Amino acid sequence: MRKKVLLDCDGLLADFAGEALRRINAKLGTSFVLEHVTQWDVVEALGIDRKLFWETVKAPGFCRELPVLPCAKEAVAQLKEIADVVVVTSPMHSKTWHWERLEWLHEFGIPHHDVIFAQDKTLVHGD
């Protein structure tokens, strides 16, 4: 029986933080870089408006346009040779995020039925 490997998406496959910073910098005229994000709460770390941050990352097209991290597609392809790959990702509670995430992951060869949206990822178990 094949093992099930669970993968997160943002920070492992997708450059969520880099794209968020790029868009925040464009809106605010700032020059934030990843080294400025020194804690999990990006808004707190950067000292920016929380509403502006969430409007930015929940905007239509944001998820679909996330850059793929280097070697991510190759790593997923190699994992799929030895195990079933399931992506566990957070729902962003926006009108387009869910569909955009599914379409983005399709480029990795991950079918919709192998994507789990979970607010609390600790409740999902794999091998």
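Which residues does Asn25 touch, not counting residues up to four places away in sequence? They are Thr30, Ser31 and Phe32. The model is a predicted one.

- Three strands form an open sheet in the order E1-E2-E3, and their pairing is parallel.
- Strand E1 (3-7) and strand E3 (115-117) each have a single partner strand and stand at the edges, so one side of each has no neighbour in the sheet.
- From one strand to the next, the twist averages 30°.
- Strand E2 (residues 83-89) pairs with E3 in the parallel sense, over three bridges.
- Thr89 has Phe117 in E3 as its bridge partner.

**Helices against the sheet**

- Helix H4 (residues 72-82) packs on the sheet, where it touches E1 and E2.
- The direction of H4 makes about 130° with that of E2.
- H5 lies across E2 and E3, and it runs at about 155° to E3.

**Helix H3**

- Helix H3 spans residues 50-58, and Leu52, Phe53, Thr56 and Val57 in this helix are buried.
- The N-terminal end of H3 is capped by Asp49, which has a side-chain oxygen 3.3 Å from the backbone nitrogen of Lys51.

**Asn25 in helix H1**

- Asn25 is a residue of helix H1.
- With a relative accessible area of 14%, Asn25 is buried, because buried means under 20%.

**Cysteines**

- The count of disulfides is zero, by a rule that asks for a pair of cysteine sulfur atoms within 2.5 Å.
- Cys63 takes part in no disulfide, and the nearest cysteine sulfur, that of Cys9, is 6.8 Å away.
- Cys71 is likewise in no disulfide, and here the nearest cysteine sulfur, again that of Cys9, is 16 Å away.
- Is Cys63 buried or exposed? Cys63 is buried, and its relative accessible area is 1%.
- Cys71 is exposed, and its relative accessible area is 56%.

**Loop residues with positive phi**

- Cys71 is found in the loop between H3 and H4.
- Although Cys71 is not a glycine, it has a positive phi of about 70°.
- Where does His93 lie? His93 is in the loop between E2 and H5.
- His93 is a residue other than glycine, yet its phi is positive, near 55°.
- His93 is exposed, because its relative accessible area of 60% is over 50%.

Terms used: Residues numbered from 1 in each chain as written. Predicted model: local features only at pLDDT ≥ 70, side-chain atom pairs only at ≥ 80, totals over all residues. Heavy atoms only, no water. Buried < 20%, exposed > 50% of the residue type's maximum accessible area, 1.4 Å probe, protein only. Helix = DSSP H or I, 4+ residues; strand = E, 2+ residues; numbered from the N terminus. Polar contact = N/O pair within 3.5 Å; in protein donor to acceptor, adjacent residues only side chain to side chain. Pairing = 2+ DSSP bridges. Axes fitted to C-alpha atoms, helices over the stretch in contact; angles between N-to-C directions. Contact = heavy atoms within 4.5 Å.
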